[in-house]
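Biologist: I'm new to this one. Can you put it up and walk me through some of it?
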Amino acid sequence: MQEYSSRPHSPVGLETHGITNVKTAYWNLVTPALYEEAIKRNEGIMSHLGPLVVRTGQFTGRSPNDKFVVKEPTSDEFIWWGKVNRPFKLERFDELHRRMTSYLQGKDVFIQDCWAGADPQYRMPVRIVTQYAWHSLFVRNMFIQATPEELSVHHPEFVVIDCPGFHASPDYDETNSDVFILVNFAEKLVLIGGTEYAGEIKKSVFTAMNYLLPFHEVMPMHCSANIGPQGDTAIFFGLSGTGKTTLSADPKRTLIGDDEHGWSETGVFNFEGGCYAKTIRLSPEAEPEIYETTRRFGTILENVGIDANTRRIDLNDGSLTENTRAAYPISHIPNATRDGRGGHPQNIIFLTADAFGVLPPISRLTTAQAMYHFISGYTAKVAGTERGVTEPQATFSACFGAPFMAQRPSVYASLLGKKIEQHDVNCWLVNTGWTGGPPGVGHRMKIAYTRAMVNAALDGDLNGVAFVEDPFFGVQVPTSVPDVPAEVLQPRNTWADKDAYDAQARRLAGMFRANFKQFEENVSDPIKAAAPQG
């Protein structure tokens, strides 16, 4: 085996993970070197101004039905078993591991030793071994880079082996398909095969952090976070498409991170060293900072349209997927914090894109309501964005990130509730979705209005404002917000057909209650009483 590294690397060799006899092991290559390797191997092309444009093949997003957790004694009692965390036999995991490492013999591999977690007390040393050079660049962008001094003594606590070219045999391996994402908490090892979508790597490490940190009373969160001019920290929960990345990248506030964080006894800290933003129809006017990253060397653009002759990209091109992405180091955002840390949050914002058009655009929540909406994790799919979706479709994802929550939702909810009470945090529900009716009748809330409402909440401009209770959802709605028309604040007023609004609101309230039945036995009476009553 040949080894190539321009920097120090860990004394822990690949053989520790069962990987032997590879052709060349490329250790901790820097960004330009990974560009060279990716282009040389026809993994991607350089676009105008420098981003690396890649294709992820058949899979342009995660494969949730192909993710499993190995059932073994050390973690069994803590795992939230079910449709999210489905059990996988230890012996089948060992067999796949054996065949995967055999497959890698005689092939080049790329290794990045890095950190997950910016808090020195809770950061986890991780190692990602990849088959593709561009996947290694993705890792270098997304995780926290180790210094040369740290690399020389790096002992990984969690390892991911990512091998897109290796496919499972479903009948023999007892997988769902030839794709697999297998998490083994006992061996602290993740195996990923059959998919070129790099997001599986980052989410597998997120799953590991979500499992481990609650044992230390640290709250892991699928959220973005930023810091205001007065040092006030805010966190934004929300599923994909709700504006989590867009709203946290505010030029007036300092970005901590856009996706994955922990909340410890000292405050909020980023798990990552980069951002993974959606780019479809990205606007330089509405999202200037994220837009600029798509014109920077070091950024990876996944499945973005590009003119092969001019090498200019087209962010409006969704021909391959609506889930086009940019993966870039957080240093590409000019006002991002470099240490990835902030204080305890003063405000928590739950984002939802309500395609039913009935939730208020902003409302204040009690602690019990905050816990209810956190456990519910609501947003809605829009008709036409997915095959077979012809009308708004409610989506509930516990803790705003169910696919990555290894332990039971009540574990995370309990931690969040304690911290909200301990630090007297203001909680808000913000609807970035539709007003005046569902899609086709109403329209998407103007991002300028949403920004104004979020800024008003974070800046304390709503502290002296009168609030009224929403009759269907029980949340407190402000009667005025600076720079937002008053009629926008009450969703019923924006509908021409008031009876249709009432029917739609009752329908969504019923969906909330039906979804929450699965959690009722593990939550307190005040949280159950926070359910919509319409």
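Modeller: A definition to begin with: buried means under 20% relative accessible area, exposed means over 50%, and partly exposed is in between, with a 1.4 Å probe and protein chains only. This is a predicted model, in which local features need pLDDT of at least 70 and side-chain atom pairs count only at pLDDT 80 or more, while totals for chains, interfaces and linings use all residues. Residues are numbered from 1 along each chain as its sequence is written, and side-chain values use heavy atoms, with hydrogens and water left out.

Biologist: And where do the helix and strand names come from?
Modeller: They are DSSP runs numbered from the N terminus: helices are H or I with at least four residues, strands are E with at least two.

Biologist: OK. Why is strand β10 largely enclosed by the rest of the structure?
Modeller: β10 covers residues 158-163, and six of its six residues are buried, so the strand is largely enclosed.

Biologist: Which residues sit on each side of β10?
Modeller: F158, V160 and D162 are on one side, V159, I161 and C163 on the other, and all are buried. In a regular strand, side chains alternate between the two faces of the sheet.

Biologist: Which way does β10 pair with strand β8, parallel or antiparallel?
Modeller: Parallel, over five bridges, with β8 spanning residues 124-130. Two strands count as paired if DSSP finds at least two bridges between them. V126 stands opposite F158 of β10.

Biologist: What about β10 and β12?
Modeller: β12 (residues 189-193) also pairs with β10 in the parallel sense, over five bridges. There, V160 has V190 as its bridge partner.

Biologist: Changing topic. What is the order of the strands in the open sheet?
Modeller: The order of its five strands is β3-β4-β19-β22-β18, with mixed pairing. β3 (44-46) and β18 (274-278) are at the edges with a single partner strand each, so one side of each has no neighbour in the sheet. On average, neighbouring strands are turned by 20 degrees against each other, direction ignored.

Biologist: How many bridges join β4 and β19?
Modeller: Three, in the parallel sense, between β4 (residues 52-54) and β19 (residues 300-302). V53 is opposite L301 of β19.

Biologist: Which strands does α3 lie across?
Modeller: α3 lies across β4, β18, β19 and β22 (325-329), and runs at about 115 degrees to β19. Axes are lines fitted to C-alpha atoms, for helices over the stretch in contact, and angles run from 0 to 180 degrees between N-to-C directions.

Biologist: How do α3 and α6 cross?
Modeller: The axes of α3 (residues 133-142) and α6 (residues 199-212) come within 9 Å and cross at roughly 45 degrees. That makes α3 oblique to α6. For such labels, under 35 degrees is roughly parallel, over 145 roughly antiparallel, 65 to 115 roughly perpendicular, and the rest oblique.

Biologist: Next, helix α9. How many of its residues are buried?
Modeller: Nine of ten in α9 (residues 367-376), which is mostly covered. Among the buried ones are M371, Y372 and F374. Just after α9, G377 has a positive phi of about 60 degrees.

Biologist: And how do α9 and α10 cross?
Modeller: Their axes come within 10 Å and cross at roughly 150 degrees, α10 being residues 409-423. α9 and α10 are therefore roughly antiparallel, and the crossing is right-handed. T367, A370, M371, F374 and I375 of α9 meet Y412, A413, L416, G417, I420 and E421 of α10. That contact has eight nonpolar, two polar and one charged residues.

Biologist: Last one. Is Q504 buried or exposed?
Modeller: Buried, at 14% relative accessibility. Q504 is in helix α13 (residues 498-516). Leaving aside neighbours within four places in sequence, Q504 contacts F356, V358, P438 and W495. Q504 and P438 are 66 residues apart in sequence, and 9.2 Å apart from C-alpha to C-alpha.

Key. A crossing is left-handed if the near helix is turned anticlockwise from the far one by less than a right angle, and right-handed if clockwise. Contact means heavy atoms within 4.5 Å. Ala, Val, Leu, Ile, Met, Phe, Trp, Tyr, Cys and Pro count as nonpolar, Asp, Glu, Lys and Arg as charged, and the others, Gly among them, as polar.
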